[in-house]
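Work through the exercises below with the model open beside you. Try each task before reading its solution.

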Number of protein chains: 4
Amino acid sequence: MGSTFGSLFRISTWGESHGGGIGVVVDGCPPRLPLTEQHLQADLDRRRPGQSSITTQRSEADNAEILSGVFEGVTTGSPIAVLVRNSDAEPGAYEHLRDVYRPSHADYTYEARYGVRDWRGGGRSSARETIGRVAAGAVARQLLQRAAGIEVLAWVSQVHTIFSNVDSDSVTLAQVEADPTRCPDPDAAAAMTFAIDAARREGDSLGGIVTCVARNVPAGLGDPVFDRLEADLAKGMLSLPASKGFDIGSGFAAVTMTGLEHNDPFVPGESGPVTTSNRSGGVQGGISNGADLLFRVAFKPTATISSPQETVDTSNRPTTLEARGRHDPCVLPRAVPLVESMALLTLADHWLRHKAVDVLPD
Amino acid sequence: MGSTFGSLFRISTWGESHGGGIGVVVDGCPPRLPLTEQHLQADLDRRRPGQSSITTQRSEADNAEILSGVFEGVTTGSPIAVLVRNSDAEPGAYEHLRDVYRPSHADYTYEARYGVRDWRGGGRSSARETIGRVAAGAVARQLLQRAAGIEVLAWVSQVHTIFSNVDSDSVTLAQVEADPTRCPDPDAAAAMTFAIDAARREGDSLGGIVTCVARNVPAGLGDPVFDRLEADLAKGMLSLPASKGFDIGSGFAAVTMTGLEHNDPFVPGESGPVTTSNRSGGVQGGISNGADLLFRVAFKPTATISSPQETVDTSNRPTTLEARGRHDPCVLPRAVPLVESMALLTLADHWLRHKAVDVLPD
Amino acid sequence: MGSTFGSLFRISTWGESHGGGIGVVVDGCPPRLPLTEQHLQADLDRRRPGQSSITTQRSEADNAEILSGVFEGVTTGSPIAVLVRNSDAEPGAYEHLRDVYRPSHADYTYEARYGVRDWRGGGRSSARETIGRVAAGAVARQLLQRAAGIEVLAWVSQVHTIFSNVDSDSVTLAQVEADPTRCPDPDAAAAMTFAIDAARREGDSLGGIVTCVARNVPAGLGDPVFDRLEADLAKGMLSLPASKGFDIGSGFAAVTMTGLEHNDPFVPGESGPVTTSNRSGGVQGGISNGADLLFRVAFKPTATISSPQETVDTSNRPTTLEARGRHDPCVLPRAVPLVESMALLTLADHWLRHKAVDVLPD
Amino acid sequence: MGSTFGSLFRISTWGESHGGGIGVVVDGCPPRLPLTEQHLQADLDRRRPGQSSITTQRSEADNAEILSGVFEGVTTGSPIAVLVRNSDAEPGAYEHLRDVYRPSHADYTYEARYGVRDWRGGGRSSARETIGRVAAGAVARQLLQRAAGIEVLAWVSQVHTIFSNVDSDSVTLAQVEADPTRCPDPDAAAAMTFAIDAARREGDSLGGIVTCVARNVPAGLGDPVFDRLEADLAKGMLSLPASKGFDIGSGFAAVTMTGLEHNDPFVPGESGPVTTSNRSGGVQGGISNGADLLFRVAFKPTATISSPQETVDTSNRPTTLEARGRHDPCVLPRAVPLVESMALLTLADHWLRHKAVDVLPD
């Protein structure tokens, strides 16, 4: 039952790395929304492998087919099923993983939970699963843009020890997409590229941080006390492969601030109070306050590395693993559309939930 | 609908700071579990205000009454309803907040969402709501201890710039409870006490970090792909008042590590593979791997401070707020049982979900 | 987890016949709805025991206390908790049931499921649990009346072999409440009273049918394909104690009709098509069509009868049961507010769900 | 959000009559269950159109492809996605329905709810949607058979005024499948065939009743108070196209019985109490009691008839509809696998839920 996300804008993903394909069912998308496969493909192409020298060489077109829920160019209110076939499946390339647990991968834990394991390319734990999230996120993006003008944009703000300098108020999609690293600070992007290339040559890998902003979010989204907006964002982000942490607004930096430094003063705005700073990250008490949402997601260095590693096999005997197959030495550039997708899905759900609250006249 | 947490071990909290009381309904607790009000009170007393000079002086006994679901000393499988009356309610003390939005509080956002606001002591956004979580967490604690020997323990690991030195493998509840700060490093605890006292005297407040460990967690808990164990933990923690961030295992520190440094090597253990390090924090691919769960939660400095602050009133006019009422200058000591509660609730839910997976013979 | 009903207008009931009380938490009621305890009491008084000579003599005031979610006379959007204390509990009166399974009651099945049983007055399976449903239904009634003018009215249409003649288009609450049987056909009501009295004197009991109409339901409520409006109504009705069947519109009578006889012709109405007959019962394809909802619920004769019955004890030995305690010889009159409550809760949920669908401009 | 059924054994269907196909995602099926496409096809072939002269002549092979969740012949615990392509789609055949509302169909209500309508063959409201249910039901059947020996069998017990005489204790699948009517009483089957043929020739249609039994259901399935076993069965059955009523055990016949006639006496059985009659239909207090589940579902006469009918068009003007296209003059024979599917899905869900209750030692 863990493959469903959201309550009103609800998605269910399915599929493994080397099975019949990958897909998603979106249930709850409002009717009459213009939607074509091109909307999905635009985001899928950003997630696609083989985009540049710093990502995996696995080459898949990942063409999305909308199987249901769209008629004459608009959504009908019925579930939207999306299918992406697996085209570059080389199961043979993974035979050597049949009997071994890769360190810091999900091989052992899937076996512990299910007593069986699809060892081809990680099976369900493969990052190919995120195709479904990105396709569904593209539907959410179209809904939020059309209905509310909400925009979600993420970028790589840090790789290993390389920091970037990005203005979250003004950064644009074009700036993010200008470099394969998806870091919109050109100097940092160059250094990141160099570092990622070096890591790959050394059989090593790097982690980093994706920062995400959501603009034009109206005040009032979020459902206390458990379904706070930041709580659902945190769940979405920690459900992404390789993510290890989440913080919002001041985040972990709040720890070393005092209340006087941290509180966001209110001043009169055009249609209500606005804050002169945004250490809250756009949420107060679990509900959006009209300021930009601003949060970070930490990703660990890719677990798949080509250097030999000590591990155990499925008979609990020590062995040495030498990874083959294709992988990203740094997941960050391709994590950007994943972070956006989970943010879009969370916002679409809460935006619809808001519609079910604001139903009585003032 | 946001007041429910969990799917099989499902809790619903209700109540405001100054209404008829605070409560929780636990639906899905297995039958035949020994349970008394003393089990609940033990944890509620740790959350209770007025425990020491560094917490709020609001004095409430917060005595829990079990209204249903327990018969002859054991749970019956029916919903367990718990009620705590509000005894120290002074609504008059909050009259001055009727028409003003406190900075970095939920006053404005609740009004934006609901168009109405219970301004008495924060209403639903008051930390008194967490009484329901703690009471339910105590039920989960009893279940996990009895059925699986799982132990959850949290402590204050940092306040402002004061770090502590604590061994997460060996730290005990007694050590945590030995000091009102709930920091089990005595030197750090003394410095924290001094800093918190100073902040209060200055009309200011401090933030910090709570670290939490869960021991004896069997491998196999967690439900990919969205209900990963760390995703549900993240949601639980970010649903706590004043929390701004969550990370697990290496967390944000993973960012500056390489794959070779970060991967947890497997070696043969008694009944399967074990890791020689725990940068994974006890989860791989969203499922527990048998190692201790280890995570951190960042809390901001308390928003309520006694220094004057600029803000706006409900007519969108600038005003100056001088907080009265009683508050904690640092929420960290009382946040410890809250963090434990959300961890216990998450684990109880996933432990039951595991029972619905492991149903066919090998 | 079975104690929750609804998705957006979501209720959770708790409580046993002889525990600390009975209650309900309503999560998802829109804010700014005028609500007082009198709204709840009006419906609770209709459910209350001891209303007349044909219902149980157990006498309880069943006064409802709203503990949360209402401030200054209106709902706040936070969960509404309602508590009714058990005041007439005589646990001693049920001692003789500790070791015996009453035929066609839930004693044995609760023991089979939970391995433990609260034998005091049926415990959780007692019809007192429905207090929570009725209290929540009263909130839903207030919402539907205020926001949409929807009206729900049920009555006893049959007891044993006594049929009534009632015009579902015009029958009023006053007519239903004019007689303790809640049958608005005076001749039938007199015959029913006589039959129920006779059954009680003979140590026997009677079943019957409750018919329910919902008026002013807008077209468009219902969520294909599983959450059809009639499917959720059916679930609600079959969740009531002693119910054995549900049908809508033509219902079981449709079986012996042909398509030509059964189809509801459309004719132009003021603002769209209307049907000239209502064999659909107000739903087509799972969605309301603007006609009145019209459905029936079958109730079995009360399982508790004072005549001796053969049964077995908890040691699986044969024994004879002679019921004591107080009970209704016919549940129908008191089932009327229960049927209304489940219809109100279903409609409130679907009305809110509709708000999350109709969000884009035409 | 209405396209999901079940909580632990959770299915989501998608697809329209004339879109890219029909499918289902099953999330929560336990791992290590042997499963092939043949398991699904066996049930799909029973639902398939064109099986005999009394069903629609639309001819589709309806071959199911399992896209995920199965590896090396067993389920993996990951979502099982099933796809059936639409092969006989003739959208042109439905052009004449673009602007007209068919009486007692879902055309108008879908438009009322969604403001848009896929008019090709009923779109989402087409009975082709039930392919997903049947495929998922086949997975549930395999689970219940393997894990618990539970068997579910349905048959046509009545068509129009033709009753059958069937012993629910002994009837077999072979007997049901022996005749295209799926009525295992040969005399009644012959009369039904004659009546259905006559109705078709007259441009008319017939309704009827499907009866269903579930055998070897252990005592203890069902989750009071809302998720009673009969409540979830009722919901499942009323979610089927053309269903108008549901009753269990004595059902509507209970109305004219007295308590003394109706109660099921307990006698000692081998491992606990058993009942000597089964007017309860296998459930007491919402929980299975170990006796066979026995319930009925009423279906209306097919709404599509070839006789001319008065109706209105989408501009609210009167018009005459003459149905073309292919349809069943009586849905009953093909409704049998649908009823079984919803019963299997309900039982699989509750069987898994039971596993999450019975977790503590006695």
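Two strands pair if DSSP finds at least two bridges between them. Keep in mind that this is a predicted model.

**Exercise 1. Find the bridge partner of D:Phe246 in E16(D), then describe the pairing of the strands.**

Step 1. Go to strand E11 (residues 243-248) of chain D. The partner of D:Phe246 in E16(D) is D:Val297.

Step 2. Check the pairing. E11 of chain D and E16(D) share 5 bridges and pair in the antiparallel sense.

Step 3. Look for another neighbour of E16(D). Strand E10 (residues 208-215) of chain D is joined to E16(D) by 7 bridges, again antiparallel. Here D:Val213 stands opposite D:Leu294.

**Exercise 2. Decide whether the residues of strand E16 (residues 293-299) of chain D are buried or exposed.**

Step 1. Apply the cut-off: a residue is buried if 20 or more other C-beta atoms lie within 10 Å of its own.

Step 2. Take one side. D:Leu293, D:Phe295, D:Val297 and D:Phe299 are all buried.

Step 3. Take the other side. D:Leu294, D:Arg296 and D:Ala298 are buried too, so both faces are covered.

Step 4. Conclude. Because 7 of the 7 residues are buried, E16(D) is largely enclosed by the rest of the structure.

**Exercise 3. Classify the packing of helix H3 (residues 130-148) and helix H8 (residues 332-355) of chain A.**

Step 1. Two packed helices are described by the angle between their axes and the distance between the axes.

Step 2. Read both values. The angle is about 50°, and the axes are 8 Å apart.

Step 3. Assign the class. H3(A) and H8(A) are therefore oblique to each other.

Step 4. H3(A) passes H8(A) in a left-handed crossing.

Step 5. List who touches. H3(A) contributes residues including A:Val134, A:Ala140 and A:Leu144, while those of H8(A) include A:Leu338, A:Leu345 and A:Trp351. By class, this contact has 14 nonpolar, 3 polar and 3 charged residues.

**Exercise 4. Describe the contact between chain A and chain B.**

Step 1. Count the residues. Chain A gives 92 and chain B gives 92.

Step 2. Find the main contributor on chain A. Helix H6 (residues 229-238) supplies the largest share of that side, 6 residues.

Step 3. Sort the chain A side by class. There are 38 nonpolar, 37 polar and 17 charged residues.

Step 4. Strand E11 (residues 243-248) of chain A and strand E11 (residues 243-248) of chain B run antiparallel, joined by 3 bridges. A:Phe246 has B:Phe246 as its bridge partner.

Terms used
Residues are numbered from 1 along each chain as its sequence is written. Chains are lettered from A and ligands numbered from 1 in the order in which they are written. This is a predicted model: local features need pLDDT of at least 70, side-chain atom pairs count only at pLDDT 80 or more; totals for chains, interfaces and linings use all residues. Two residues are in contact if their C-beta atoms, placed from the backbone, lie within 7 Å. Helices (H or I, at least four residues) and strands (E, at least two) are DSSP runs, numbered from the N terminus. Ala, Val, Leu, Ile, Met, Phe, Trp, Tyr, Cys and Pro count as nonpolar, Asp, Glu, Lys and Arg as charged, and the others, Gly among them, as polar. Axes are lines fitted to C-alpha atoms, for helices over the stretch in contact, and angles run from 0 to 180 degrees between N-to-C directions. Angles under 35 degrees count as roughly parallel, over 145 as roughly antiparallel, 65 to 115 as roughly perpendicular and the rest as oblique. A crossing is left-handed if the near helix is turned anticlockwise from the far one by less than a right angle, and right-handed if clockwise. A residue is buried if 20 or more other C-beta atoms lie within 10 Å of its own, exposed if 12 or fewer, and partly exposed in between; C-beta atoms are placed from the backbone.
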